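Q: I have a model on my screen and would like to learn how to read it. Could you walk me through its features one at a time?

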Amino acid sequence: MSSSSFPEEKFRWGMLLSDTRYRGTSLQVITFIVFVAVFFWLVDNTLKNLALLGKDVSFDFLWIRAGYDINQRLIPYTNDSTHAMAALVGILNTLLCAFVGCIIATILGVFVGILRLSKNWIVAKLMSVYIEGFRNVPVLLWIVMVFALLTEFTPAPKAFKGANPEASMFLFDSIAITNRGTYFPAPVWGEGSIWLLIVFFLSVFAVLTLKRHSTKVKRATGKDLPTFWISILLLVAPVVAVYFFLGKPITLNYPFLKGFNFKEGIHLRNSFIALTLALALYTSAFIAEIVRAGILAISKGQTEAAASLGMRPNKIMNLIILPQALRVIVPPLISNYLNLTKNSSLAIAVGYMDVRGTLGGITLNQTGRELESMLLLMGFYLSVSLLISSVINFYNRSFQIVVR
Amino acid sequence: MKKISFLGLVAAVGLTAGMVSAATLDDVKARGNLNCGVSGGAPGFATVDDNGKNVGFDVDYCRALASAIFGDPMAVKFVPLTSAVRFTALAAGEVDILARNTTWTYSRDTDLKQTFLGVNYYDGQGFMVKKDLGVSSTLELDGATVCIQVGTTTELNLADYFKENGMSYEPVPTADNAESQQQYLAGACDTYTTDASALHGTRVNLENPDDHLVLPEIISKEPLGPLVRHGDDQWADIGRWVLNALVIAEEKGITQANIDSWKDTKDAEIHRLLGTGDTDILAMMGMPKNALYNAIKAGGNYGEIFENNLGATSGINIERGVNASWTKGGILYSPPFR
């Protein structure tokens, strides 16, 4: 026993709240219990009310015939397929839109972000207008706006008909822009095209090796090897040579007008273009601001130091500033990718059949399984979001400063 | 934590199913008005006129029902619903009754737990095209782009019809009638398909109705009718017999104008219907003796409501056809009121 003048206090229940040694823990325990209780009450209430309405929770509806058609399908689907297949078609459509949208948004965003810092007054101000314009108008309006532009100001397929058509196709009759979408020639992979693909990948590999070699030389001697034109040559020459050697294995399937619509070729529907483009433009404005913030976060001394070594401005940007700025840029970039993915659920505004349109729209309506469909939808968006953030977090880790 | 918040959301979704009381009539009386789910804009069936007043075939049915309950045809709050949310809104108790040109089908009746009160309009799915498309039959529509409202029975009929006839099509899904119309006019689709009645209603409201044509083929049965939730039979009975009363009134020649002149009739059914006799059989469903009198008084009998909203008076000019009373060659037939 110590000789302290404080008598050893005996434990009382009241001390759980009054004593600072216990208070923190006991408050957390109480909060947790209340949380769990409320949660169970909510679930219980839901099930009870569903039972009152005579409804059960069942996912059997996924395996019955869907009965409806979907215009844009990345996998084989007919109206005889199941609701689960319809949901999958929708999921792929969502992912396609999100993927293409993120790529366009990133490229545009980086350009606009850098250009906004330009010393050229007009360029900088134009970029400010772009950013403020897209950032401060709800994305739904942009989607509807782009869609309206695409449907109202482009010719109907009918306009291409006749001896003196009102509208004509572009690029030697290969691309048709109509108010139902844009039709491109589709490549037909003939015999031997696999070799072309192999040659192409070998070329890509060669370019990467060249790049690595030039970086190595630069680090060792400081000399810049002329890689750009060599890379282009490496990419193009072998593929073209093999293409003619094999007797043109890849041909193009041109779209042509037959009946009410264009047939063959690749059909990019206006709903897809409008949704993806609007989402990309909108998100790129946010990404531009992130890029700008990332660049501004790098101390001015870095630029000045590089300049005093005699580096040109674009070299300074590519070699000194951007690699460091990436550390600041990547984490908020993730949340913008997530936003774009989640915003793609606005697709129904332009009739794009994403997962919200199939599973959360038509399937929900035809089967009346609201709760189940919504749960599945939420589960899907949640897992996609978590997946995207974990992938980019992994990528991000390779950029962080390693503290020893 | 992410997982927990997700589960919380699940529960929140469940809560919106809300508490739905079994005694709808009591709820409606306590509230002082009827909540009626109608279409957001289906010419002839439910629209808002230039004075901001709800008008239409479905609207008038709700007014008759409100009049039966309160004696006041204006005691209705109209809730515009898209085809996608209508059943959810009804199931959640947001509306007491759904009169939104809704097709009576087996799965809606059973799986969706709804009670259809009868058929107030025998419809069928049709197609509208621009005349300069040069099409005169749906069988010439192979390869066409078709505008269609999502979440409707028309979507399934369309898929079946084109498959049966070995034709292909490209669906352009739209959220409602207004959007379909806009896409159709912009030429983003070759044809617009929905219930023929709605097509006729839409056509007369277009800028140049004569440039458009509703194709003669009807590819499906679409019996439209009002519906309520499962589980309240009394409420379903009231809705059903208000509808039947309007049909019987037309059979018997009772109109809005002459409804007060039947006191001396020898027809006992009319006395029972209007509550002018000695027996009060309306008490059987918990309604006042003059409830159906009020219902008919509100907007007239079935025939008058039809003429005012869909027929010649309205400018939409839909023929009565099968929707005529059975006494006049149609299939409209009410069970006897006794």
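Predicted model: local features only at pLDDT ≥ 70, side-chain atom pairs only at ≥ 80, totals over all residues.

Q: How does the length of α2(A) compare with what it should span?

A: The expected span is 1.5 Å times one less than the number of residues. For the 33 residues of α2(A) that gives 48 Å, and the end C-alpha atoms are 48 Å apart, which agrees. Following α2(A) comes G54(A), with a positive phi near 75°.

Q: How many residues of α2(A) are buried?

A: A residue is buried if 20 or more other C-beta atoms lie within 10 Å of its own, exposed if 12 or fewer, and partly exposed in between, with C-beta atoms placed from the backbone. In α2(A) the number buried is one of 33, so this helix lies largely in the open.

Q: What should I look for in a nonpolar core?

A: In soluble globular proteins, nonpolar side chains tend to be buried together. A nonpolar core is a set of buried Ala, Val, Leu, Ile, Met, Phe, Trp, Tyr and Cys residues joined through C-beta atoms within 7 Å. The largest one here has 147 residues, and among those touching the most other members are I143(A) and L65(B). Helix α8 (residues 270-297) of chain A gives the largest share of this core, 15 residues. As for L65(B), leaving out residues up to four places away in sequence, it touches L34(B), I97(B), G239(B), V242(B) and A295(B).

Q: In what order do the five strands of the chain B sheet stand?

A: Strands pair if DSSP finds at least two bridges between them. The order in this open sheet is β10-β9-β11-β8-β12, with mixed pairing. β10 (169-174) and β12 (212-214) of chain B are at the edges with a single partner each, so one side of each has no neighbour in the sheet. The twist from one strand to the next averages 30°; axes are lines fitted to C-alpha atoms, for helices over the stretch in contact, and angles run from 0 to 180 degrees between N-to-C directions.

Q: In which sense does β11(B) pair with β8(B), and in which with β9(B)?

A: With β8(B) the pairing is antiparallel, over five bridges, and Q125(B) stands opposite D195(B). With β9(B) it is parallel, over two bridges, and C147(B) faces Y192(B) across that pair. Five of the five residues of β11(B) are buried, so the strand is largely enclosed by the rest of the structure.

Conventions
Residues numbered from 1 in each chain as written. Chains lettered and ligands numbered in written order. Helix = DSSP H or I, 4+ residues; strand = E, 2+ residues; numbered from the N terminus. Contact = placed C-beta atoms within 7 Å.
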